[in-house]
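Work through the exercises below with the sequence and the 3D structure at hand. Try each task before you read its solution.

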Amino acid sequence: MPSIQKFVVTPNLPGPLAPLLVIARNLWWTWNVEAINLLRRVDPDLWDRFEGNPVAVLGSLSAERVAELQKDDAFLANLDRVRQDLERYLNMPTWFSQEHKHHTRGLVGYFSLEFGIHESLPLYSGGLGILAGDHLKSAADLGLPLVGMGLAYQYGYFRQYLNHDGWQMEEYAVNDFYNMSMTLATDEKGLPVTIEVHYPGRVVKARIWRVQVGRVPLFLLDTNLPENLPEDRELTGKLYGGDNDMRIRQEILLGIGGLRALNKLGHEPTVCHLNEGHSAFLALERINLLMKEKGLDYDTAFEIVRASNVFTTHTPVPAGNDHFHPDLVRKYLTAKADEMGIGIDKLMALGRQNPADSTETFCMTVLALRLCRFCNGVSELHGHVSRRMWQQVYPGVPENEIPITHITNGIHTRSWLCNEMSRLYDRYLGPRWYEDPTNRSLWDRVERIPDAELWRSHERMRERLVGFVRRRLKRQLSKRGIKGKWISRAAEVLDPEALTIGFARRFATYKRAALIMRDPARLSAILNDPERPVQLIFAGKAHPMDHPGKEVIRQLIHLSQSDEFRNRIVFLDDYNIEVARYLVQGVDVWLNTPRRPLEASGTSGMKVPPNGGINLSVLDGWWCEGYGHDNGWAIGAGEDYDDQDYQDLVESTALYDLLENEIVPAFYDRSSDDVPRDWTRLMKNSMRTVTAEFNTNRMVEDYTQRFYIPCLDNATRLEKDGFTPARELASWRKNMRHKWADVRVKAVNTPPQTIQTMGTSLPVAATIYLGSIAPGEVLVEAYHGLLDTDGRITDGEAVTLFPEGDAKDGLVLFKGEIACRRAGLRGFTVRVTPRKDGFPLDRFETGLITWWEQWGNPAATASGQAPGEQVRS
């Protein structure tokens with residue numbers, strides 16, 4: 001092959017048009033309606049051909065079109081307005097600058113394996129990436145000091161198409177980064193900035209791409225460089241492609257390489273947020289850098305890093321978390337462990353639920369839980385599920401006290417809102433709704449929108465959706481080799497006036513896309529009612545290795561092609577952000593049927609209410625919090641089942657009942673002006689109650705107030721005076737581990753009566769043997785609550801017992817009272833944990849906890865239940 005000299009050609013726009021490139025390279029345009037319309041106006045045909053990629057459009061403009069635009073006064077005026085809007089956005093005061101004006105230093109690094117910002121930047125597969133993209137957008141709107149870090153996939157996630165039988169096939173399109181809204185990060189000489197990551201026997205180089213998301217930069221690593229080996233160039237080839245060996249190498253690149261890239265670019269993060277466990281290796285690298293650059297020992301560096309890390313888990317089943325065989329971890333991380341001076345066995349223990357079990361696999365979620373100060377699930381229910389799932393990581397801790405909380409997901413409202421609804425909100429809510437989307441009083445103004453005006457706007461969006469479906473279905477059928485009458489029929493599918501239900505998400509089997517198809521005869525009667533027709537639109541991808549998921553798609557395709565369902569059921573292939581946007585903006589009802597409690601959160605249903613749609617969902621994920629009886633429909637009452645076939649029977653029956661008895665009648669019961677008043681009432685309730693709460697501005701504000709600011713403060717506190725507080729904390733923790741084996745609850749005393757009256761208090765006195773530990777270094781608590789039928793405390797709470805008198809021979813008396821606020825059979829026990837006032841320390845993170853051993857049982861059990869209990873009524 002001959003030698004090739006590479007060079008880059010960039011769009012060259014004359015002066016008046018130059019701002020177009022500035023706008024196109026800041027993804028702020030993706031949530032600004034006027035900017036989108038401006039960029040589409042440049043050349044509508046090119047816009048469609050390049051799937052809404054403005055940089056590709058500008059790079060393909062003809063000289064004639066450029067000349068036309070230069071002479072178009074109206075276009076130039078529009079361009080100037082958008083340019084001014086962008087400048088105003090970038091320079092205006094923000095929520096963060098006003099609410100946290102004293103936090104002028106510090107930076108949050110947000111690490112994610114995928115980011116879904118716009119369909120023209122296909123570096124995402126599904127919900128995790130969409131959430132990450134919306135997180136960056138809201139961080140930009142709120143003015144957070146935050147940067148994103150991910151990988152630049154040459155092929156992204158697969159493009160889906162269906163063969164003649166309806167079986168999902170996969171193909172990969174090449175991402176041309178030079179013609180996308182991203183630029184290479186360069187040094188002062190204009191040369192690409194690169195970083196190096198060490199793998200066994202070789203060094204892998206990566207260059208860095210920058211994507212500007214409003215005020216927030218997103219950096220992406222790219223190993224597709226000629227100096228790398230072919231297998232290393234493929235590291236950033238495909239998202240979720242390859243085996244476990246490829247996955248661990250990608251996660252080393254994201255965590256270790258990503259942190260190095262931020263540091264080299266001058267964006268050293270004070271706080272790191274791990275969006276899923278994929279990037280957990282960054283915590284090891286942070287420790288390593290502190291040891292090398294600041295001369296700290298491992299324990300001191302550990303305290304600083306753990307105190308300033310945040311971890312969000314999105315997975316409600318153990319199998320969904322990344323696990324690596326011990327041999328694979330030894331292969332890739334032994335050198336790192338030796339560099340840190342801790343050895344591979346100690347490093348491996350950090351990723352095991354039982355650190356002493358050398359046969360256990362290495363879990364990235366466990367590593368993240370151990371190395372992050374704040375950990376959370378993504379809905380209230382998912383918080384409960386996560387605490388139950390990971391209780392082995394916290395032996396001796398009651399399930400309800402395991403330090404995994406929740407922050408419920410949200411959506412970036414403006415990114416998913418249709419123009420029709422945006423204009424309605426401007427008219428009746430006022431212009432502040434898009435600057436302050438969490439303001440409930442503003443959303444209460446939805447009641448001001450006239451029913452007829454709301455309904456006509458939504459009807460136009462449904463009609464727009466039907467037109468989109470017909471065009472896309474024609475292309476889809478042509479690609480499958482289907483010709484003739486079938487193509488003609490594609491222009492007739494769906495009824496723009498019929499009740500339209502959407503179902504679009506990953507086709508994992510637990511999502512149960514086939515639930516509504518369980519009884520085809522009953523479904524046919526509902527869909528084909530001549531007076532009250534109903535239609536279904538499906539979209540979604542199955543993982544390439546998920547053959548059961550692919551089979552669901554195939555069955556759905558065959559069903560949609562039968563005579564009775566041909567014009568009533570449609571499946572759109574190659575689901576992406578564009579398809580999602582049309583669906584959530586145009587459907588009347590959004591259907592969600594996961595097998596509870598396997599939906600961690602789900603955000604697709606949150607995108608529907610701002611556009612006037614209504615949710616119909618199993619009570620799982622976010623809908624447990626969002627459902628309010630008058631803002632949508634719940635399938636079931638939140639039951640959990642052991643028999644899945646029985647669950648499917650019960651819940652499919654409930655789904656049909658809701659459609660027949662509530663949903664369809666409400667939609668078609670019209671007033672004299674052809675407006676369904678009961679339906680518009682539900683629309684308004686849904687818009688008002690869901691939109692103000694389930695948005696990423698509220699979510700990012702929660703992360704900031706509850707996690708980011710405390711982590712920034714933790715880092716500042718521990719780094720004072722040359723890291724003296726961090727050294728003190730590390731020394732204290734080591735000392736506690738050495739002395740804790742002597743701690744015992746020697747005796748617990750209460751009054752002799754067995755009956756307590758509500759409103760009174762039960763005195764508790766506990767004699768604790770602390771040895772050489774000072775009383776001020778422990779927290780002694782009475783843990784109490786109702787007893788279940790097995791005699792275990794349920795949903796317990798803790799009351800602090802305080803020391804009285806001086807220690808004698810290591811024994812200290814602690815006293816307190818339990819308030820008797822509820823009647824019933826209750827119990828309590830006593831526990832002791834370490835404490836160090838004034839330091840960023842959760843009382844359970846040390847792993848040291850001693851319970852009252854009334855009958856000589858072990859001091860703590862894996863379930864976290866205390867062994868000895870005193871019963872009081």
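**Exercise 1.** Which residues in H10 meet which residues in H11?

Solution. Begin with the ground rules. The model is predicted, so local features need pLDDT of at least 70 and side-chain atom pairs count only at pLDDT 80 or more, while totals for chains, interfaces and linings use all residues. Residues are numbered from 1 along each chain as its sequence is written, and side-chain values use heavy atoms, with hydrogens and water left out.

Step 1: find the elements. Helices (H or I, at least four residues) and strands (E, at least two) are DSSP runs, numbered from the N terminus. Helix H10 covers residues 244–264 and helix H11 covers residues 281–294.

Step 2: list the contacts, where contact means heavy atoms within 4.5 Å. From H10 come Ile 248, Glu 251, Ile 252, Gly 255, Ile 256, Leu 259, Arg 260 and Asn 263, and from H11 come Phe 281, Leu 282, Glu 285, Arg 286 and Leu 289.

Step 3: sort the residues of this contact. They divide into 7 nonpolar, 2 polar and 4 charged. Here Ala, Val, Leu, Ile, Met, Phe, Trp, Tyr, Cys and Pro count as nonpolar, Asp, Glu, Lys and Arg as charged, and the others, Gly among them, as polar.

Step 4: recall a rule about helices. An α-helix has 3.6 residues a turn, so residues three or four places apart point the same way.

**Exercise 2.** At what angle do H10 and H11 pack, and how far apart are their axes?

Solution. Step 1: define the axes. They are lines fitted to C-alpha atoms, for helices over the stretch in contact, and angles run from 0 to 180 degrees between N-to-C directions.

Step 1: read the values. H10 and H11 pack at an angle of about 40 degrees, with their axes 8 Å apart. That makes H10 oblique to H11. The classes are roughly parallel for angles under 35 degrees, roughly antiparallel over 145, roughly perpendicular from 65 to 115, and oblique for the rest.

Step 2: H10 passes H11 in a right-handed crossing. A crossing is left-handed if the near helix is turned anticlockwise from the far one by less than a right angle, and right-handed if clockwise.

**Exercise 3.** Are H22 and H26 roughly parallel or roughly perpendicular to each other?

Solution. Step 1: take the angle. The axes of H22 and helix H26 (residues 644–668) cross at roughly 15 degrees and come within 11 Å.

Step 1: classify. H22 and H26 are therefore roughly parallel to each other, and H22 passes H26 in a left-handed crossing.

Step 2: list the contact. Arg 522, Leu 523 and Ile 526 in H22 meet Thr 653, Tyr 656, Asp 657, Leu 659 and Glu 660 in H26. The residues of this contact comprise 4 nonpolar, 1 polar and 3 charged.

**Exercise 4.** Which residues make the contact of H28 with H29?

Solution. Step 1: take the geometry. The axes of helix H28 (residues 696–718) and H29 come within 6 Å and cross at roughly 105 degrees. The two helices H28 and H29 are therefore roughly perpendicular to each other.

Step 1: list the residues. H28 supplies Thr 716, Arg 717 and Leu 718, and H29 supplies Lys 720, Phe 723, Thr 724, Pro 725, Ala 726 and Leu 729. They divide into 5 nonpolar, 2 polar and 2 charged.

Step 2: look again at Phe 723. Phe 723 is found in helix H29 (residues 720–739), and its phi is near 70 degrees, a positive value in a residue other than glycine. Most residues other than glycine have a negative phi, and most peptide bonds are trans. Phe 723 counts as buried at 11% relative accessibility. Buried means under 20% relative accessible area, exposed over 50%, and partly exposed in between (1.4 Å probe, protein chains only).

**Exercise 5.** Where does H13 bend, and by how much?

Solution. Step 1: locate the bend. Helix H13 (residues 326–340) bends by about 60 degrees at Leu 333. The bend at a residue is the angle between axes fitted to the seven residues ending there and the seven starting there.

Step 1: check burial. Leu 333 is among the buried residues of H13, which also include Tyr 332 and Lys 336.

Step 2: go past the end. Just after H13, Gly 341 takes a positive phi of about 80 degrees.
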